[in-house]
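Me: I'm new to this one and would like to learn how to read it. Can you take me through some features, step by step?
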Amino acid sequence: MTDVVAKLQTLVPEVTLLVGAVLAALLGLSRRKQVRDAVPWVTIATLLAAMVAVPFFNQLDGTTAAGLLMPMLGGTFKLGILAVAVLLCLLTVGLVDRRLEQAFATGRAPFDAMRTIRGEFYAFFLLSITGLSLVCSARDLVWLFLALELTSLPTYIMVALSRGSRRAQEAAVKYFFLGAMASAVFLYGFALLYGATGTLVLTDMRGTFALQASTGGVSNLAVIGMILTVLGLCFKIAAAPMHFYAADVYEGAAAPVTAFLAFVPKAAGMLALMLLLGTMGWSGHSMIVDSIGFRQPIEGLPQPVVTVLWMIATLTMTLGNVGALLQRSVKRMLAYSSIAHSGYMLIGIIAGPTTGLAAVLFYLFAYGIMNTAAFAVLAGLERRGEEIESLDDLAGLRQRHPGMSVVMALAAGSLMGLPPLLGFWGKLYLFIAGVQAGHVPLVVIAAVNSAIAAWYYLRLVGLPILSRPSPQSETIGNGLSVWPRVAGVLGAVGVIVLPLLLRPMFDTAALAVSGYAKADSPTAPAGTLAAKALASESLASEALASEQESAD
Amino acid sequence: MTSLSLHAASLAAMASDQASAAVPAAVAAPQLAWAGWILWLPLLSTIACCLCAAFRVRGKAPAVITVAALAGSFALTLALYGKVQHGPVRIHLFDWIDLSWGSGAGINSLTANFALYIDSLTLIWMLFVTPLGTLIALYASEYMEGDLPARGGRGYARFFAGVSIFLFAMGSLVMADNLVMLYLGWEGVGFASYLLIGYYYTRPSAVYAAKKAFIMNRIGDLGLAAGIWLIWLNFGTVEYEGLFQALAQAGSDESVGGWSVKAIPFLLMLGAFGKSAQLPLYVWLPDAMEGPTPVSALIHAATMVTAGVYLVARMYPAFLLHELALPTVAWVGGLTALLAATIGMAQYDIKRIMAYSTVSQLGYMFMGLGVMTSFGAVYHVFTHAFFKAVLFLTCGAIMHGFAGQLDLRKLSGLRRLPGWKITAWTMFVGCLCLAGVPGSSGYFSKDAILAQAFVTPTPDGAWSFRLLGWLALFTAGLTAYYTFRVWFRVCAGPVHFEAGDEHHGADHEPAHQAGHAGHDAHGGHDHGGDFHPHAPRLAINFVLVALAVGAVLAAIPYFWPAYGDGWIQQMVSHSSAAAGVPSHGAEGAASAAGEHGGSHATLLGFDPHTAMYVVSSVFGLVGIGFAAWLHLLNRKAADALRARLLANPLTRWLPTAMENKWYVDELYIAAIRKPLWFCGHLFALFDRYIIDGVLVDGTARLPKALGRLFQPLQSGALQGYAVTMAGGIGLILAWVVWVWMRGMAL
């Protein structure tokens, strides 16, 4: 009994979000405009309330989350998720159902509770965040699958609702069918994993795999299962070969929803990858060369899984960046860039605990902020009621919208990885993790890709600030709602200011995955800062000792 | 308690010093962390001045803040001197750079913390940098009035922000505990100098001068940076503490000496020559006079330009790594002194004359370092800081009062003008010191260098130090001549002046009523009587007097507390600047007592240190005599002499070349700037057509072509996407199975 209560207590943030979702759905049906207008703020209040609840109900000592593969993940990363969600929600204020609300307001159409979509939209927004939040504390495969679907299903509807146009509906249908296919693939993978281990609980799977690894290697069934799972999850993170939907769907949806799609499902997919690969474990970053000459990690991920991840990471980065080069539409460009960023993050996934996974978490947070800022510029400006989309719209933005042009430049600079900005540190952290884990070629590929990416990101920096206004950009005005622009400014400020808090953020990210590493090797977790400090200290003491000997 | 324990430690260090002839080991002194405020105060003042500029403060707040902060720094320096005396102590402020990489035997580290290394050399420098900074900031508070926002100016706060950041950088340079922090300060003072030379940024000549100074310094800084890198490469540390130990070992170890070690002193030298305006990099300093005069006095005469001397003195042990390093320093210094003096003789702009005299005097300092009297060099830095500051500030007062007039042919008889007495007579004191008139501070410090040139035996392979000594003596005569040429022309003689072309307008007039008193009485030939020179007021006069007194009193540390072993001598002999100077103090004492053996060098048959008092007096007085004849008693004779030299085809080149600064600028333009300009344009064309055209655009086409290759996959049809995704999954699975079948390790 107490177990159930304790378990439920850890879910208080999610329950808060659920209550908020119900509330939003109800309030959105109100006849009174004021009440309907309050819905986004109810959503934000819910998110903030959940944020406050996280530290109270997800103790970092791991006692409340015993039995989880990564017990500290919930208490730390949920905060990052909710913070980005607040920003994403600001982005939607007054945008999603603009036409409908305008029609109601001007009296062109009578209020119709069946037609209004505000309640649904924000309810689904919160439900999707709930799903993402639940992924963090997934205990078994069923939970993980349900949480992932809870994250994704609302997004299909959000895409359809986001614009009254056919393009959005087409995008939603594509997204839904392909998403269903991907879910089928990873569900099949789950089934194989269950077949190979006989358990659904992640920690038990880890024990089984460790046993298998010590007695002749992980079973082939599990390897195939894991590969299928990874491939299926590639859809969520928009990685090759499951990335094809991204450009069409991102372009079809309204900019605030696109920003949402680029963060929430991606975060869910990355967390799921971390948990699932964690069952096989990365333990022992040092590699040995086996009899046939293959480099094999000791007791780590099976070589085929690593190779598949390598291939996925390389393809994703390259296809994403190369695809982005050709685009004239900023949204499509950012869609491809989102694909490429998944590729970068996979480096951290391959590198494993603690640095690699911490780098992924940090990068997800950073990406959420800088990507939201970039989309905020598209969402915050409009031409004749349509959000701006093409590169020509951005040209010479400085002349009439200096603030937004700076936000776009900062966001693009950060996405590119320009040194003092947030994105640079995220990328650096990922690359360091990759190098430490011995995946130097992958890091080199990523660096080359970053250079290619600079080509199109620099256009996003240069066009608004340096170039002359184009005929299209002359007709651009501020959007109806000021809040998307506020979100953009907040994001841009974050991109500049957050690097000042690098150390605490890195430490928090490392803490989030430290529970796994502790279980991994009880003495000194390899790859952590503490371990490095230990190692260098022992080196220094050895050097001292040898000096003393020679002196004697 | 603390100072007692420090004394004990430094005494112990001294004892070991005499045994090993190495630089004494430093004591960590965390209890002296308050010394960091010597740096933080100017830094805070910089921030405050910037805020004043941002919020458009109209009053003199920036000046008040700066003067207060610098005075605070001075007070703290005095307190630090009281605690430390000779040092050396290390005061850790905060971790800055602390890296280590590699493992086992190949472990490398680079540690450069923000820490202070306080020894007697540091203290000497800080003891003249901070008070001079304070006084000159005070002077500037009045001098820069025209730029107050209340008078339509815009740069008052900017000026004081520049002065404050300069003092911060100079403090970091001098008090640094490692070469990286020294480099930070080194670049910092260069940056402040750039800002302040270009202070009147609407004037093209000022912008040009600022760029010239910056670029010339870059050349030197490159040498310094390379030198620091080689030091780290060879000795594995950039912290003085470890470095001096390593250098002491290297000195006794003959096997040390690859080219990368031998090159270190020459690279450091290049940095020092750039910063201290020596041949061949001296040309920026005279142009730097485009900045406001207090800046010229503070940065380009008293403090920043002595950073090169400081570097050589601080890194003295490194200059023993190559036997020809110090002779090179000596000869470059001596030749610079001579060249600059000859140019200074023929200039008409009094501020420029002072600039060339600064170059010349810096040459003396380097010569002193080169002939192994680091004491003489440091003492000359010390005295020079005071008397040159006086000279510059009097020039500034004249420029300020006469609307930018600096031509010595258009100014005369200032000492008879009401309100200008203090200026004229403080300038006289400065001239006495610069000319090396017997009894003045400059006389003693210069003699210490000159005499040593005759004492130190010339190393093998170097040009004779005795020849250098005679050259320097001749230069001393020239110095006396051009110094008093200025004073006799400007301050003595009949009253006569013309205004410069910088009419400040009516806004200055009310503030200078004092200067106008008696204006109608004087017999000046001002243009139509519409120009009123405004005499300096309280702040300027106070600073002038204070500095003149300082310049006179600067002679005292030569004698006190003991003759031949004065305060400066004691201070220098306890620092790294004494390394390699064999029992310096003892030799000085011995020479004073006349106990030299027969093998010792002589000057005209006498002991050089004794004889120099007489010989240099003679040279100095002869120079002053010439100046008095040509520029006071018979001014027509000077013009006649020049005319006669110009008339004779054999001698025509002499005055022409001297007046045109030996065409060095033109030479540099022809030999360096023009070829670089040509290369630059060539590279620009290369960049435009080959790099941009072929490489960049060509490379960019590749990913684009790749993108087009994959574009058909992105058809937009749902079925197509589903098939492609399934195909992708299928391919990957097929690959896995294929590898499996081939029996490879999975």
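Me: Where does A:A247 sit?

Reply: A:A247 belongs to helix α11 (residues 245-252) of chain A; helices (H or I, at least four residues) and strands (E, at least two) are DSSP runs, numbered from the N terminus. Keep in mind that this is a predicted model, where local features need pLDDT of at least 70, side-chain atom pairs count only at pLDDT 80 or more, and totals for chains, interfaces and linings use all residues. Residues are numbered from 1 along each chain as its sequence is written, chains are lettered from A and ligands numbered from 1 in the order in which they are written, and side-chain values use heavy atoms, leaving out hydrogens and water.

Me: Is A:A247 buried or exposed?

Reply: Buried means under 20% relative accessible area, exposed over 50%, and partly exposed in between (1.4 Å probe, protein chains only). A:A247 has 1% relative accessibility, so it counts as buried. A:S338 lies 91 residues from A:A247 in sequence, yet their C-alpha atoms are 9.5 Å apart in space.

Me: What share of chain A is buried?

Reply: Of its 552 residues, 61% are buried. Chain A has 24 helices and five strands.

Me: How do I read two packed helices?

Reply: You describe them by the angle between their axes and the distance between the axes. Axes are lines fitted to C-alpha atoms, for helices over the stretch in contact (heavy atoms within 4.5 Å), and angles run from 0 to 180 degrees between N-to-C directions. Take helix α12 (residues 255-280) and helix α15 (residues 355-380) of chain A: their axes come within 8 Å and cross at roughly 170°. That makes α12(A) roughly antiparallel to α15(A), since angles under 35 degrees count as roughly parallel, over 145 as roughly antiparallel, 65 to 115 as roughly perpendicular and the rest as oblique. Residues making the contact include A:F263 and A:M270 of α12(A), and A:L364 and A:F375 of α15(A).

Me: And strands?

Reply: In a regular strand the side chains alternate between the two faces of the sheet. Two strands pair if DSSP finds at least two bridges between them. In chain B, strand β2 (residues 89-101) pairs with β3(B) in the antiparallel sense over ten bridges. B:F94 stands opposite B:F114 in β3(B).

Me: Why is strand β3 of chain B called largely enclosed?

Reply: Eight of the eleven residues of β3 (residues 108-118) in chain B are buried, so the rest of the structure largely encloses that strand.
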